[in-house]
Amino acid sequence: MRSSHVGMALSSGAAFGLAQIGVLKVFEEERIPIDAMAGVSIGALIGSLWATGKSATEIEAIMMEYNKDKGKVLQLLGDFCFPKESLISGQRIRQFLKKHLGRKTFRQTRVPLFLVASNLGKQKKIVHRSGIIAEAAYSSMAIPGMFSPHIRSRDLVVDGGVLEPVPVPTLVDEGVKKIIAVNVLPSPDDFKKSDSLLRRAIGRKKRAIEKENMLARLAFHGTLTLRKMFFPNIFDIMVNTILAMEYTMSQVNCQNADIILHPFIAGVNWFEFFRVKELIKKGEEVTRKNLGAIKACVGK
């Protein structure tokens with residue numbers, strides 16, 4: 001690898017991570033070089049698709065199949081199982097990875113690829129750099145308690161975000177000189193903005209619905225009642241707890257990054273993988289806003 005080596009670190013962050021596709025789109029359009037890729041969780045998925053030869057536009061097309069389609073997202077993520085190791089078996093995610101990554105190995109990537117996972121038993125991170133990429137990507141994405149862990153030599157391997165939510169340290173260890181970190185993890189202020197937006201939206205809807213007929217009012221209040229029944233739920237509590245911890249760790253992870261991009265849309269929830277278009281657009285906007293600094297960093 002040459003001394004002017006530029007690496008990109010793609011973070012964990014559930015649906016928020018779709019914004020990273022927008023970052024890659026701008027890098028390609030502006031012909032900004034990426035010489036190494038590191039990914040964790042959703043970042044491992046996107047990084048794997050890109051490193052194995054798919055363009056950002058092709059990755060966007062894959063994910064746009066789920067845009068505004070809640071049923072299709074539920075079908076992909078909702079293969080529930082007996083809760084021994086997890087609530088979701090993860091088989092459909094594995095099938096998705098196999099469909100789009102096949103049996104490609106780390107030797108077949110266009111740039112060095114590093115996927116970060118966590119070994120629970122040994123409490124240490126694992127950096128996948130050899131073997132079948134789809135298997136490594138799954139282990140990096142296996143949210144503890146939600147998706148079944150990847151079993152490797154009797155060790156339980158789970159989501160890399162548990163130990164390194166933004167894989168900047170991994171790129172540093174690999175000798176990368178210039179590092180662009182994409183951290184989509186929501187900050188406390190981001191959560192606060194999202195909650196405020198939701199409350200205001202419900203308030204506006206309440207005021208507007210009072211002008212409607214009784215049937216419309218009943219339907220609206222029925223929706224609110226259902227929301228109170230199902231939110232927060234075990235998935236919300238698990239994932240939001242993990243996201244909160246990961247954000248704190250991400251601030252340490254990013255200390256050695258040369259550029260930090262933080263594309264986040266207030267009002268989006270971690271499970272809203274059906275809001276593909278707007279999340280990608282946000283990634284593009286934030287990247288374009290920082291283009292001057294990025295180009296100066298990589299010497300372009």
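**Helix α1**

I began with helix α1, where I find Ala19, Gln20, Ile21, Gly22, Val23, Leu24, Lys25, Val26 and Phe27 buried, buried meaning under 20% relative accessible area, exposed over 50% and partly exposed in between, with a 1.4 Å probe and protein chains only. I am working on a predicted model, in which local features need pLDDT of at least 70 and side-chain atom pairs count only at pLDDT 80 or more, while totals for chains, interfaces and linings use all residues. I also note that residues are numbered from 1 along each chain as its sequence is written, and that side-chain values use heavy atoms, with hydrogens and water left out. Helices (H or I, at least four residues) and strands (E, at least two) are taken as DSSP runs, numbered from the N terminus.

The helix spans residues 19-29, and because 9 of its 11 residues are buried, I describe α1 as largely enclosed by the rest of the structure. After α1 comes arginine 31, for which I noted a positive phi, near 55 degrees.

**Nonpolar core**

I next looked up the largest nonpolar core, which has 90 residues, those with the most contacts inside it being Met8, Met37, Leu97, Met146 and Phe147. Helix α2 (residues 42-51) gives the most to this core, with 7 residues. Such a core is a set of buried Ala, Val, Leu, Ile, Met, Phe, Trp, Tyr and Cys residues joined through side-chain atoms within 4.5 Å.

For methionine 8 I listed the contacts (heavy atoms within 4.5 Å). Leaving aside neighbours within four places in sequence, methionine 8 touches, among others, Val23, Leu24 and Phe27, as well as Ile34, Met37, Leu171 and Val182.

**Strand β8 and its partners**

Strand β8 has 4 of its 5 residues buried, so I record this strand as largely enclosed by the rest of the structure. β8 pairs in the antiparallel sense with β4 over 3 bridges, and strand β7 (residues 150-152) also pairs with β8 in the antiparallel sense over 3 bridges; two strands pair if DSSP finds at least two bridges between them. Valine 157 of β8 is the bridge partner of asparagine 119, and histidine 150 likewise stands opposite valine 157. Between β7 and β8, which form a hairpin, there are 2 residues, and serine 153 in the turn has a positive phi of about 50 degrees.

**Salt bridges**

I then turned to the salt bridges, of which the structure holds 15, each being a side-chain nitrogen of Lys or Arg within 4 Å of a carboxyl oxygen of Asp or Glu. Aspartate 155 forms one with lysine 122, the closest N and O atoms being 3.5 Å apart. Because aspartate 155 lies in strand β8 (residues 155-159) and lysine 122 in the loop between β4 and β5, the pair ties together parts that are 33 residues apart in sequence. Are the two partners buried or exposed? Aspartate 155 counts as buried at 18% relative accessibility, whereas lysine 122 is exposed at 53%.

I also noted a salt bridge between lysine 84 and glutamate 85 (3.8 Å, N to O), in which lysine 84 counts as exposed at 68% and glutamate 85 as partly exposed at 39%. Arginine 275 and glutamate 278 form another, with the closest N and O atoms 2.9 Å apart, and glutamate 278 is partly exposed, with a relative accessible area of 34%.
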